[in-house]
Amino acid sequence: MSDSSTTPTSPAAPPHARRVVVTGMGAICAVGNDVPAVWDAIKSGRSGIAPITRFDATGYETTFAGEVKGFDPAATLGRKEHRRLDRYSQLAIVAAREAVAQAGIDIAADPTRVGVMIGSAMGGMETLEAGVETVITQGPKRVSPFFMPMMLPNMASGNVAIDLGAKGPNFAAVSACASSAHAIGESLQMIRDGRADVIVAGGSEAPITRMGVAGFNAMGALSTRNDDPAGASRPFDAGRDGFVLAEGAAVIVMEELQHALDRGATILGEVRGYATTDDANHMVQPGPGGEGIARAMALALADAGLAPTDIQYINAHGTSTQLNEKLETEGLKKAFGDHAYQIPLSSTKSMTGHLLGTAGSLEAVITLCAMRDGILPPTINQVTPDPDCDLDCIPNVARAVQATAAMSNSMGFGGHNVSLIFGAASTVPTSR
């Protein structure tokens, strides 16, 4: 029935000396421009997918995406400053400001102990396209001096640090759709190691451009359900025909537990485990049998000191492609054995679309909200069950379950796999 050879039989890791908690969250994406709006849409099962407005998509195989709506960068960031930032940096700053405001942390009090880790798969795509067009139509001397710093994939991380005044560790994880999950996982390790007390971690992406859509269309990766954008992303459904490209940013404030307790911070949850592996198999296809993601899940359980039966919810990678869900399901069965059939899981990409490098951090925010409120989000657009995806994917309607330990998985082109484990705030001590 299942292959349990990868399943750890007992917790393998001792408690870590420095526990890491979450004290702030920020998000902006197709379903909402802050965390309360995002979570309200997700738990209600509302899709944010609609026809593309960022460019004229006439003639493209796919004409819809998950765009951020109602965002005015000039009003938010200033009329002069926003013109020096690519859209992906703009979105990152918005999400980071929300997270830091909720955390209530005074970064200026000790800025060298506060880091920033913002991952991105694509970086400044809009800037890149505009620069190339300028060279072709107006010549190389008309390229903006801001072209290079606007387009680089590390600049969201750098710009957030500049905006916040954070002088601690800072770099950008660039691992395709695992980027922001890597950012969170590596931030966990840095705080455990004592290299920082606080890290603003997550991802940002703005890939809804002419080349972004055309490139993924050329691969056959995107859904072409142009007559039904809201129903196009259907992870685990037999009729899935590709993912839905989306933009946005999501950030969490990660903080060493005692540091958070000493300043009286409200604890929203805990980052308990992290592991990363690679399939070493194919540029874009997951490894056979989901072996790579299975190893990541098993290693994350060991890192958290948890048994498979301790996990009560999984936010799956679930992109809405035929191969991903089949192999992710096989990986889940390898990692959890027969218990895989007992764990509710969902893919919230069915509502948000696929935010590429931001997927992991947005799904971390959603997973933390789910544990906080005792509501597991649904996988919407479930019409036809796929016999190859026979686990409990919480079809169409959210479910009331009080989970205290949850997992979130991310997988990226290049064979990158990341598994993160989160704990509910109720399991974190209020004094030490």
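Strand E1, residues 20-28, is joined to strand E6 by 8 bridges, and the two run antiparallel. Before going on, note that this is a predicted model.

Now E6 itself. How many of its residues are buried? The count is 9 of 9, so the strand is mostly covered, where buried means under 20% relative accessible area.

Next, the directions. In a regular strand the side chains alternate between the two faces of the sheet. In E6, Gly248, Ala250, Ile252, Met254 and Glu256 point one way. Ala249, Val251, Val253 and Glu255 point the other way, and both sets are buried.

Is Glu255 buried or exposed? Glu255 has a relative accessible area of 0%, and because buried means under 20%, Glu255 counts as buried.

What does Glu255 touch, leaving out residues up to four places away in sequence? Its contacts include Arg19, Val20, Val21 and Thr23. Also among them are Ile105, Ile191, Asp197 and Val198, as well as Ala260 and Arg263. For Ala260 there is a distance to give: its backbone nitrogen lies 3.4 Å from a polar atom of the Glu255 side chain.

Key. Residues numbered from 1 in each chain as written. Predicted model: local features only at pLDDT ≥ 70, side-chain atom pairs only at ≥ 80, totals over all residues. Heavy atoms only, no water. Buried < 20%, exposed > 50% of the residue type's maximum accessible area, 1.4 Å probe, protein only. Polar contact = N/O pair within 3.5 Å; in protein donor to acceptor, adjacent residues only side chain to side chain. Contact = heavy atoms within 4.5 Å. Helix = DSSP H or I, 4+ residues; strand = E, 2+ residues; numbered from the N terminus. Pairing = 2+ DSSP bridges.
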